[in-house]
Amino acid sequence: MLDRGLTEDGTAQALGWPKQRVAARVKLLELPDEAQQLTGQGVIPLSAVDQLRSIGEVSPELLDAVIGYLGDGNEWAAERLAREPGWVIDSALRNGSSKVFAAHLTQLDSHEIADLRLGKRTEALLHEAAALHKQLDRYTYGAPTVRFTESDVDQARAAGVLVEFENARPIIVDRSLYRVLSKQAIKRTVEDLQARVADVAQARKATRASGRSVDPEAEARRERGRQLRAIAEQAHGANLDLGRGLMNGLAMVDPADMAVAKFFVYAVLGADYDESPYTQTGDRVAELAARGVRLVIEEFRTDVTKTRKDGNRGALRIDYGDPHKPGEAVKWMWKFIDGAKTAGELF
């Protein structure tokens, strides 16, 4: 009907369908034939069509890999496509036969760094980062976490190689640019560590000049505070970025996971609420939970889309709350907890 010149409105009227129903099915025409067939068979839900289109607009090869994986006896994974597209992409690349590249543009781990083969100069920077990290924390081991910044994300977005979903971490699909951004991130990490080491040295020098003795405990508290602030911002951005224990490759954390429930309980009540010796986490996790809490609810939804230099709006970007002001989110949760008298009432 569209090929014969009818508009979507005209098609809806001719069929007696709501316009939204026609628009949803028109989107299917942008997908490969196999995806249309899987949708028609009920394997891929209509609610996941937008996610597939987002993948296909950036990387048709990655879209083919995902569709091929879903159609190869993995229909169960399609149910998670709408709410956890990153998890499905990860599963498709890990378990399928495709060699398509994709990675979250959030942080680098040691395995990724080794696979990327970033060269001797970058390897030397990593060794320097480990040494600097050791100067700041004598009990640390290895290099610090290397994280990407918003400027890295903007660079990938401008290159058109970034797949973005609302409430999910961005995925880069260009290996060469990922290598460039990784080198930048490692260099930036070393520069940040150098500045922090210089600040500590300057503070110690000022202490000696004043005649006061260096207080190791006070230094440890200051360094701990700096680390918590840095990690808490990442926790807010990833919505539970408390370490690899709560993540699965490219996957988002399952909101039904008990670890997520504990995260919010610790955020509001503190780690001492649970008396079990097997689930004690200490004040560090409790503080991280409180600082990093990020509630994906309409009340905190904010449009943070940037305006380009030409005056046009960039790609839509939505955030929920300010990572530097977690108090409002904690207050929102507390109203449901404040009236509970027992653990049974609470849960």
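The side chains of Asp50 and Arg53 meet in a salt bridge, 3.4 Å from N to O; the term stands for a side-chain nitrogen of Lys or Arg within 4 Å of a carboxyl oxygen of Asp or Glu. What you're looking at is a predicted model, where local features need pLDDT of at least 70, side-chain atom pairs count only at pLDDT 80 or more, and totals for chains, interfaces and linings use all residues. Residues are numbered from 1 along each chain as its sequence is written, and side-chain values use heavy atoms, with hydrogens and water left out.

**Around helix 4**

- Asp50 and Arg53 both sit in helix 4, 3 residues apart, or about one turn of the helix. Helices here are DSSP runs (H or I, at least four residues), numbered from the N terminus.
- Arg53 counts as buried because its relative accessibility is 19%, while Asp50 is partly exposed at 35%. The cut-offs are under 20% relative accessible area for buried, over 50% for exposed and partly exposed in between, with a 1.4 Å probe and protein chains only.
- Asp50 and Arg53 also belong to a network of salt bridges with Lys27 and Glu30.
- Gln51 is in helix 4 too, which spans residues 49-58, and it counts as buried at 14% relative accessibility.
- Setting aside neighbours within four places in sequence, Gln51 is in contact with Leu81, Ala82, Pro85 and Phe165. Contact means heavy atoms within 4.5 Å.

**Helix 1 meets helix 2**

- The axes of helix 1 and helix 2 (residues 19-28) come within 9 Å and cross at roughly 120°. Those axes are lines fitted to C-alpha atoms over the stretch in contact, and angles run from 0 to 180 degrees between N-to-C directions.
- Asp9 and Lys19 form a salt bridge, with their closest N and O atoms 3.5 Å apart. That pair links distant parts of the chain, 10 residues apart, with Asp9 in helix 1 and Lys19 in helix 2.
- Asp9 is partly exposed with a relative accessible area of 40%, and Lys19 is partly exposed as well, at 44%.

- A search of the whole structure turns up 9 salt bridges.
- One of them joins Glu84 to Arg80, whose closest N and O atoms are 2.9 Å apart. Both Glu84 and Arg80 are buried.

**The start of the chain**

- Met1 lies in the segment before helix 1 (8-15).
- At 31% relative accessibility, Met1 is partly exposed.

Terms used:
Helix = DSSP H or I, 4+ residues; strand = E, 2+ residues; numbered from the N terminus.
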